[in-house]
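Please look through the sequence and the model below before reading on. The paragraphs that follow go through the fold step by step.

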Amino acid sequence: MDIKIRKGIKSDLPSVLALIKELADYENALDQVDVTLSQLEKDGFEGNPYYYLLVAELDDQIIGVCFYFIRYSTWKGKVLFLEDFVVKEEFRRKGIGGMLFEETIRISKKENMDGLHWQVLDWNTPALNFYKKYNATISSTWLNGRLNNCLLYTSPSPRDVEESRLPGC
């Protein structure tokens with residue numbers, strides 16, 4: 001197989017969106033994918049991009065993708081955050097994930113990042129085993145917090161939460 005890892009371009013996005021949905025389905029969360037093709041186009045390819053992506057390509061077909069962005073750690077400095085990466089199911093366990101991850105490491109080094117961070121679901125044993133091959137540290141102490149879109153824009157105050165006056169999101 002002649003796999004090519006390259007920076008993603010706008011015309012890759014329909015295939016990328018299909019891979020996003022494949023990953024969500026694997027994680028039993030397909031119903032939670034709200035992002036649209038037009039959002040991906042605007043957020044990644046207009047003005048200052050909110051994300052960057054790498055794609056794995058075989059015979060002009062996108063078979064893997066890696067989403068990343070730069071964030072700032074007040075303790076560590078600039079960090080490349082690997083948001084998601086996925087390889088089409090029929091191409092898994094063929095080294096393509098490693099190629100994408102190693103290119104992400106290479107970009108981190110080239111950009112003089114102070115670290116490479118990501119999240120992984122605690123039940124995703126194949127992913128946990130994959131990261132262990134790189135001697136990665138997987139934390140069991142940090143928990144993820146979030147306000148979904150509805151709660152973010154309705155701005156609940158602590159008082160609303162205490163009095164159970166949250167909007168119906």
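At what angle do the axes of helix 1 and helix 2 cross, and within what distance do they come? Before the answer, some ground rules are needed. This is a predicted model, in which local features need pLDDT of at least 70 and side-chain atom pairs count only at pLDDT 80 or more, while totals for chains, interfaces and linings use all residues. Residues are numbered from 1 along each chain as its sequence is written, and side-chain values use heavy atoms, with hydrogens and water left out.

The axes of helix 1 and helix 2 (residues 37–45) cross at roughly 110° and come within 10 Å. Axes here are lines fitted to C-alpha atoms, for helices over the stretch in contact, and angles run from 0 to 180 degrees between N-to-C directions. Helix 1 and helix 2 are therefore roughly perpendicular to each other, a label that covers angles of 65 to 115 degrees. On the helix 1 side, the contact (heavy atoms within 4.5 Å) is made by Leu13, Pro14, Leu17 and Ile20. Helix 2 contributes Leu37, Leu40, Glu41 and Phe45.

Helices (H or I, at least four residues) and strands (E, at least two) are DSSP runs, numbered from the N terminus. Read from that end, the elements run β-α-α-β-β-β-α-β-α-α-α. The C-alpha atoms fill a box of roughly 60 × 35 × 35 Å, taken along the principal axes. Of the 169 residues, 34% are buried, meaning under 20% relative accessible area with a 1.4 Å probe, protein chains only.

The 5 strands form an open sheet in the order 1-2-3-4-5, with mixed pairing; two strands pair if DSSP finds at least two bridges between them. Strand 1 and strand 5 are the edge strands, each pairing on one side only. On average, neighbouring strands of this sheet are turned by 30° against each other, direction ignored. Helix 1 (residues 13–26) packs on the sheet and touches strand 2, strand 3 and strand 4. The direction of helix 1 makes about 80° with that of strand 3.

Strand 2 (residues 52–58) can be followed through its partners. With strand 1 (residues 4–7), strand 2 pairs in the antiparallel sense over 4 bridges. Lys4 stands opposite Glu57 in strand 2, and Ile5 stands opposite Ala56. Strand 2 also runs antiparallel to strand 3 (residues 61–73), joined by 7 bridges, and Leu53 stands opposite Phe67 in strand 3. Strand 2 and strand 3 form a hairpin with 2 residues between them. Asp59, in the turn, has a positive phi of about 50°. Because 6 of its 7 residues are buried, strand 2 is largely enclosed by the rest of the structure.

Among the buried residues of helix 3 are Ile96, Leu100, Phe101 and Ile107. The cover over the buried residues of helix 3 includes strand 1, strand 2, strand 3, strand 4 (77–87), strand 5 (116–118) and helix 4 (125–132). Just after helix 3, Asn112 takes a positive phi of about 55°.

Methods
Buried means under 20% relative accessible area, exposed over 50%, partly exposed in between (1.4 Å probe, protein chains only). Angles under 35 degrees count as roughly parallel, over 145 as roughly antiparallel, 65 to 115 as roughly perpendicular and the rest as oblique.
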